Amino acid sequence: MSRLADLRFRAATAFQRRVGNPMLRRLPLQTVLETTGRVSGLPRQTPVGGRRVGDSFWLVSEFGDKSQYVRNIKADPRVRVRIRGRWHTGTAHLLPDDDPIARLRGLPRFNSVGVRALGTNLLTVRVDLDG
């Protein structure tokens, strides 16, 4: 990772950890991804932008496999997603062969702009929701 990319990663994650995530995940209509902490085993909630398409929820991780929730998914792909205030269980799949830029075109615009602006290693994630 280049020095500039590392600086962007550190600045974005520090802001998200201290300000963005605690505030956003409390908003009732904010989409939230809940993973299981790979070390602690505790639930970890992260506000995300994405879109439900049929029985799947799609999102793009702005920092790829450096994102903590992606690392948690690698350890345990069972997740929950809060969409429009309702929780859904499912199984997350990391899709490194998917084109994340093309995928962002079909996701909510506000989030997509942020992911493109801050992202350094985009990775598509699909969550197959349980019935």
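Trainee: Leaving aside neighbours within four places in sequence, which residues is L95 in contact with?
Mentor: W58, L123, T124 and R126. Contact means heavy atoms within 4.5 Å. Mind that this is a predicted model: local features need pLDDT of at least 70, side-chain atom pairs count only at pLDDT 80 or more, and totals for chains, interfaces and linings use all residues. Residues are numbered from 1 along each chain as its sequence is written, and side-chain values use heavy atoms, leaving out hydrogens and water.

Trainee: Where is L95 found?
Mentor: In strand β6, residues 86–95. Strands (E, at least two residues) and helices (H or I, at least four) are DSSP runs, numbered from the N terminus.

Trainee: And what separates the C-alpha atoms of L95 and V125?
Mentor: 5.9 Å, though the two residues are 30 apart along the chain.

Trainee: New topic. In what order do the strands of the sheet come?
Mentor: β2-β1-β5-β6-β7-β4-β3. That is seven strands in an open sheet, with antiparallel pairing. Two strands pair if DSSP finds at least two bridges between them.

Trainee: Which are the edge strands?
Mentor: β2 (43–47) and β3 (50–53). Each pairs on one side only. Neighbouring strands here are turned by 30° against each other on average, direction ignored. Axes are lines fitted to C-alpha atoms, for helices over the stretch in contact, and angles run from 0 to 180 degrees between N-to-C directions.

Trainee: What packs on the sheet?
Mentor: Helix α2, residues 68–75. Helix α2 touches β1, β2, β4, β5, β6 and β7, and its direction makes about 50° with that of β1.

Trainee: How many bridges join β4 to β7?
Mentor: Six, with β4 (56–61) and β7 (123–129) running antiparallel. In that region, S56 stands opposite D128 of β7.

Trainee: Back to W58. Which charged end sits over its ring?
Mentor: That of R103, 3.7 Å from the ring centre. R80 does likewise over W87, at 4.0 Å. The test: NZ of Lys or CZ of Arg within 6 Å of the ring centre and within 35 degrees of the ring normal.

Trainee: Last one. How much of the protein is buried?
Mentor: Buried residues make up 40% of the 131. Buried means under 20% relative accessible area (1.4 Å probe, protein chains only).

Notes
Buried < 20%, exposed > 50% of the residue type's maximum accessible area, 1.4 Å probe, protein only.
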